[in-house]
Amino acid sequence: MIPDSHRDLLDRPLLAMLGTIQPDGTPQVMPMWADLADGLIRVNTAIGRQKHANMMKNPHVSVLIVDPDDDFRFIEVRGDVVLITAEGANEHADKLIAEYRGPSHVPTAPRSETRVIVSIQPRRVIANG
Amino acid sequence: MSRIPDNYQDLFDRPIIVSLATVQPDGQPQVTPVWADYVDGHVRINTAAGRQKYKNLLERPRATILAVDPDNGQRFVEVRGRVAEVSEETGDAVIDKLAHDYLGVDVYPWHTPEETRVTFLIEPVRVVTSG
């Protein structure tokens, strides 16, 4: 569903603005690291965070990535969370850290929080520019 | 009513593309890039009448705006708020002002007779800062 013309926005280490819905219906937007695997957008968070709680309750999300080199070029992916899993989540977090901040930033100490991979199935894609 | 702390107001004073989240009729969030500024305690955004975000803001007057520092992705402010005012009267003047901030021009270059510009004032209800 992600057009080839805008796939680079998910392949490059760009911030993905993740919109979720709070229990009271207000949207929440947070900057996230993201990647694309088997057609699903994946983000990584920790159990107990507000966005994790939001996505457990309401799977409808939206992800916006804007090209920092051209503000008019962006992709918005509206979709549904289809899987939240702790399996492989530490490794996924390490992969994202290496991509976004560099391999030297990957932590060596055990994590005190439980990381989860959130997989988002795109339902509607808006590509601009 | 809440306010944006002084040490984060630069994220609205600088020409940073912010992310505006609204709620679609089916409950799905919509997130789009927009220009914004912060005036008299309100975040101002401007769109064209008839657009999906315009309809969303009129029908479900809650909005969340995220501004991230382009020089430091971990520094950001998220403003969750409610639509306090909708104005067609200030629509053209505000888009021209934003075009000045973001493009360095005096007049928004894409005015068309068919398009009505509309200004939304978002009153912050909760402000989250990081970094």
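What radius of gyration would a compact globule of 129 residues have, and what does chain A have? A compact globule with 129 residues would have a radius of gyration near 14 Å, and chain A has 14 Å, which agrees; the radius is taken over C-alpha atoms, and the globule rule is 2.2 Å times the number of residues to the power 0.38. This is a predicted model, in which local features need pLDDT of at least 70 and side-chain atom pairs count only at pLDDT 80 or more, while totals for chains, interfaces and linings use all residues. Residues are numbered from 1 along each chain as its sequence is written, and chains are lettered from A and ligands numbered from 1 in the order in which they are written.

Chain A contains three helices and seven strands, arranged along the sequence as α-β-β-β-β-α-β-β-α-β; helices (H or I, at least four residues) and strands (E, at least two) are DSSP runs, numbered from the N terminus. The C-alpha atoms of chain A fill a box of roughly 40 × 40 × 25 Å along the principal axes. Of the contacts in chain A with a separation of 6 or more, 70% join residues 24 or more positions apart, a contact being two residues whose C-beta atoms, placed from the backbone, lie within 7 Å.

In chain B, seven strands form an open sheet in the order E2-E1-E5-E6-E7-E4-E3, with antiparallel pairing; two strands pair if DSSP finds at least two bridges between them. Strands E2 (29-34) and E3 (37-39) of chain B stand at the edges with a single partner strand each, so one side of each is left without a neighbour in the sheet. Six bridges join E1(B) to E2(B), and B:Ser19 has B:Pro33 in E2(B) as its bridge partner. E1(B) and E2(B) form a hairpin with five residues between them, and B:Gly27 in the turn has a positive phi of about 90°.

Further along the sheet, strand E6 (residues 72-87) and strand E7 (residues 117-130) of chain B pair in the antiparallel sense over 11 bridges, and B:Val77 has B:Thr129 in E7(B) as its bridge partner. Helix H3 (residues 91-103) of chain B packs on the sheet, touching E3, E4, E6 and E7 of chain B, and its direction makes about 55° with that of E7(B); axes are lines fitted to C-alpha atoms, for helices over the stretch in contact, and angles run from 0 to 180 degrees between N-to-C directions.

The contact between the chains takes 21 residues from chain B and 22 residues from chain A. On the side of chain B that touches chain A, E2(B) gives the most, with five residues, and the residues of that side divide into 10 nonpolar, eight polar and three charged. Here Ala, Val, Leu, Ile, Met, Phe, Trp, Tyr, Cys and Pro count as nonpolar, Asp, Glu, Lys and Arg as charged, and the others, Gly among them, as polar.

Buried residues make up 36% of the 129 residues in chain A, where buried means 20 or more other C-beta atoms within 10 Å of the residue's own, exposed 12 or fewer, and partly exposed in between, with C-beta atoms placed from the backbone. A:Pro110, in the loop between helix H3 (89-101) and strand E7 (115-128) of chain A, counts as exposed because it has 6 C-beta neighbours inside 10 Å.
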